[in-house]
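Subject: Handover of a structure

Dear colleague,

Please find the structure below. I would be grateful if you read the notes with it open.

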Amino acid sequence: MTGRLEGRSALVTGSGRGIGLEIARRLASEGARVVVNDLDQAPADETVALVREEGGIAVPCIGSVTDPAFAERVVATAVDAFGGIDIIVNNAGYTWDAILQRTTDQQWDAMLDLHVTAPFRILRAAQPVIAAAAKTEIAQTGSARCRKVVNISSVAGLSGNPGQAAYGAAKAGVTGLTKTIAKEWGRYNVTVNAVAFGLIQTRLTSALGDGGEIEIDGNRVRVGVNDQVLESAKRLIPLGRAGTPAEAAAAVVLLCLPESDYITGETLVCGGGWNG
């Protein structure tokens, strides 16, 4: 543990598996206390146990980020457990792909609810907590300590991707949300940035035959990427390979460290040189 985030509290949505799990681990390794969220109890508990085994501090908050009551609950979990919020990583997400004419209203709404509305609600719920803490610090010392928001986007939201009209539109919305909140929260010394992932090795980007299905709110969603698309993407990636969850998490943590205290309103592409 380096301690660069010692005394800070973080909440990371979708941190029971994959990239989110690695983000939680990396933040904890830097000294942050972490609220771990997952839709299911078991993955969240496993992440919490792993963080604790590695010497960190973590508590779980189970539930869907799309539940209208979730935002207030996850913010309350951070405040009750750690006294406040210093870092928010809006990471929870999945893809539900179809070409435009086969995209249903349900798919469209699900992607926007998950990737845009849920982060919006969490940030809205966190605002009073962050603003009050910043104002107190300014009154006491003349300045507020730097807090961080990192919203997860995708190269699909920057350049588009066939079969991902809903997902791409939602991730493009993340950029607008990020830039707007960066301007609103600058007065509280909060940096708000996004990380747009390229091809990262997770269950959602495994070969289509291997990806299987996931169940979300009673819907069976097929996940995975066509073999030809995977091979084509790898050829187009300058580094010649997909990224790992640990590498993706590292890009997020970069924007949570003190070294990034004067970077805000930006979108960092983590794609091995490929931006779609």
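This is a predicted model: local features need pLDDT of at least 70, side-chain atom pairs count only at pLDDT 80 or more; totals for chains, interfaces and linings use all residues.

Residues are numbered from 1 along each chain as its sequence is written, and side-chain values use heavy atoms, with hydrogens and water left out.

The whole chain

The protein chain contains nine helices and nine strands; these are DSSP runs numbered from the N terminus, with helices being H or I of at least four residues and strands E of at least two. For 276 residues, a compact globule would have a radius of gyration near 19 Å, and the 18 Å of the protein chain agrees with this. That radius is taken over C-alpha atoms, and the globule rule is 2.2 Å times the number of residues to the power 0.38. Along the principal axes, the C-alpha atoms fill a box of roughly 60 × 35 × 35 Å.

Of the 276 residues, 51% count as buried (under 20% relative accessible area, with a 1.4 Å probe and protein chains only). Contact here means heavy atoms within 4.5 Å. Among contacts between residues at least 6 apart in sequence, 70% join residues at least 24 apart.

The 12 residues of helix 1 should span 16 Å at 1.5 Å a residue, and its end C-alpha atoms, 17 Å apart, agree with that; the expected span is 1.5 Å times one less than the number of residues. Its buried residues include Ile 19, Leu 21 and Leu 27. Among the elements that cover them are strand 1 (9-12), strand 2 and helix 9 (245-254).

Glu 30 is in the loop between helix 1 (18-29) and strand 2 (33-38). Is Glu 30 buried or exposed? With a relative accessible area of 6%, Glu 30 is buried. Leaving aside neighbours within four places in sequence, its contacts include Thr 2, Arg 4 and Leu 257. Just after helix 1, Gly 31 has a positive phi of about 105°.

Met 111

Met 111 belongs to helix 4 (residues 105-141). Met 111 is buried, its relative accessible area being 0%. Beyond neighbours within four places in sequence, Met 111 is in contact with residues including Tyr 94, Trp 96 and Ala 170. Asn 90 is 21 residues from Met 111 along the chain, and their C-alpha atoms are separated by 14 Å.

Conventions. Buried means under 20% relative accessible area, exposed over 50%, partly exposed in between (1.4 Å probe, protein chains only).
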